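Visitor: I would like to learn how to read a few features of a model. Could you take me through them one by one?

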Amino acid sequence: MSYHHTIGRKTYRFNDLKTLLAKASPHRSGDVLAGIAAESYEERIAAQIALADVPLKTFLNEVVIPYEEDEVTRLIIDNQDNNSFSLISTLTVGEFRDWLLRDETDTLTLQKLVQGITPEMVAAVSKLMRNQDLVSVAKRCEVVTRFRNTIGLKGHFSTRLQPNHPTDDPKGIAASMIDGLLYGSGDAVIGINPATDSPAEVNNLLLLMDTLRRQFDIPTQSCVLCHVTTTLELIRQGAPIDLCFQSIGGTEKSNSSFGINLALLDEAYEATLSLNRGSAGNNVMYFETGQGSELSANAHHGVDQQTCEVRGYAVARRYNPLLVNTVVGFIGPEYLYDGKQITRAALEDHFCGKLLGLPMGVDICYTNHAEADQDDMDNLLTLLGVAGCNFIMGVPGSDDIMLNYQSTSFHDALYIRNVLGLRPAPEFEQWLIRQGIMDNKGLLTMHSNPHLLKEMKGLWTR
Amino acid sequence: MDKVKTGAEFEDDSLDHLKQFTAARIGIGRTGASIPLKQSLELKLAHAHARDAVYSELDIDKLLSDLKQFDLPVLLLHSEAAYREMYLQRPDLGRQLNKKSIELVNDYSHQKPDIVIIIADGLSATAVNHHAVSLLKTLIPQLQSVGLKIGPISLIKQGRVAIADDIGVHLKAKLSLILIGERPGLSSADSMGCYITYNPKPGLTDESRNCISNIRPHGLTFKLASKKIFYLIQEAFRRKLSGVGLKDNAGLLES
């Protein structure tokens, strides 16, 4: 089906839904690179006006990637719940935007909607929303998940402690972990990006983290962000796996470029669940995503990068994840050129993920060839704090010496907690207070805690 | 940086003993919840170096003068990416020669050399400005000593790695070698990469190439880099391939 809109004497035609979605997308370099972006400012708004008139029901009949060709499309269509959709089934995309912003549309209403909406509907409505709309609606969503603590409660804000090291040196990693814990970081997860994916190396890091956690009885979870097949092998070997990690995309082909498919994820999910290691709950999956990964794998089928991204959330929600992290600025300027594009993409991802019921966190980050700096990240961090983002990263001094990019620092998390009055996950907060790291007003005590430091020093010598 | 006076609340030296284990910015102290000024400016300075490197340009005059010692023709070429902002957003254009450059290269296609050497700005012209000639000083005599015929040296602006395929095909070379500025990190803004492709042709992907990364005085030294590159090139000619298949047998690369 084709779509059109006339402005003055010029009629803009859009041959199908995916073209309309691409042309209606706020400007970003990745869609230009793919050759699918609007060619003028006017064409973009014409597409948005045309998109506003599309009934949501259309999205159930016209898919952006054929059902027969793509298992992510099949997942989306087969799991869409009409009963839940009935809340909004008579609306157009534009009416849906206005409905989302109504005072009556509260947290509970949004939670009832989760199984009825498709990623494409959510991507579509986000394209009609300004940044403040994305913040406003995301803030009403609440997605709470549990493993050894409780993440995502309103008024709380968590961090992944990311103690990476270029050669996976256990002492180097332990040093960054200790630093982070003393800054109150690590309630979402202590998560290491390994330099190598070998099972033996990964197991060493798992043992290091598990020893630390048990020694100090820390109510958090650990994860080495290795490939899902490595995790499966380690589960068979009896390694201390809390969470199963995987990078995912929004098309079957992009997932195939990551070396995964739904059957493999099903297997990994079941295997990790069976370990039963969570004490507060059993959300065991940790996913990472990011706009542009489908295009970079040449697996985008002419679908814009933001719509592709949201399709990835359909994959994530199948597995009730503890954490979903959009690594928004890592991919580089050919996909998101500058601070403005990174900011927009992060707010979209956070909103779309939350609306689809996912525990969204954001890696607020940039590379050195992007037109962005620490000020852009401060702005985005503040926006996401207001929007109710579940978690961000914690990297020593913002500088990840293994992945070579800048993310948020331990200090950044303290800043956002202070200015917005947010607290860590409740169980973790109590632990910080017991250890004398934080007081009960949420302020750090002296960073140095001689007793704790002395104990931690023994970590790798035993 | 010593001149910056700070009133940081906690100058944190309690983690000093841990700093020996990692280059990560740990134990940097805090003032309130914030990073102390000294450390904040240190990060901004490192980022400034990286940004300057991204926008640095090939020093053509100096390169031309330094390359004279090899007594090889030098071609000045440009990719289809007209300027830096376009280069950053359109990697596809950075992989193709512009029309004028194609004409220039075609004038030299009768030579049919074994190897073409390409120097490209990539994401840090600073890196190749500083290190390309130093590396070639060791490498070119080695290659010539085993009878390999070296074609013209191409200097290319706004170039990405795969432009070596385009140049290699037009010059009818058996193997292309490109020296290119790598994406600057906070700890090094002048890291040079080298990619070797046997039988270059457009459309090849990274698995068809061998990469030697982090070439700079404080990274992989010129001497060691040159040794690895020489080894790989000899093996590439012997086995008539490059890329993943070649890497597996290169014990030297582990060092």
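Guide: Let us start with burial: a residue is buried if 20 or more other C-beta atoms, placed from the backbone, lie within 10 Å of its own, exposed if 12 or fewer, and partly exposed in between. A:Asn320 is partly exposed, because 17 other C-beta atoms lie within 10 Å. This is a predicted model, where local features need pLDDT of at least 70, side-chain atom pairs count only at pLDDT 80 or more, and totals for chains, interfaces and linings use all residues. Residues are numbered from 1 along each chain as its sequence is written, with chains lettered from A and ligands numbered from 1 in the order in which they are written.

Visitor: Where is A:Asn320 found?

Guide: Helices (H or I, at least four residues) and strands (E, at least two) are DSSP runs, numbered from the N terminus. A:Asn320 sits in the loop between helix 17 (305-317) and strand 10 (323-326) of chain A. Its phi is positive, about 40 degrees, although A:Asn320 is not a glycine.

Visitor: Which strand order does the open sheet of chain B have?

Guide: Strands of a sheet pair through backbone hydrogen bonds, either parallel or antiparallel. Two strands count as paired if DSSP finds at least two bridges between them. In chain B, six strands form an open sheet in the order 1-3-2-4-5-6, with mixed pairing. Its edge strands are strand 1 (74-78) and strand 6 (209-215) of chain B.

Visitor: In which sense do strand 5 and strand 6 of chain B pair?

Guide: Antiparallel, over five bridges. B:Ile215 in strand 6 of chain B is the bridge partner of B:Met192.
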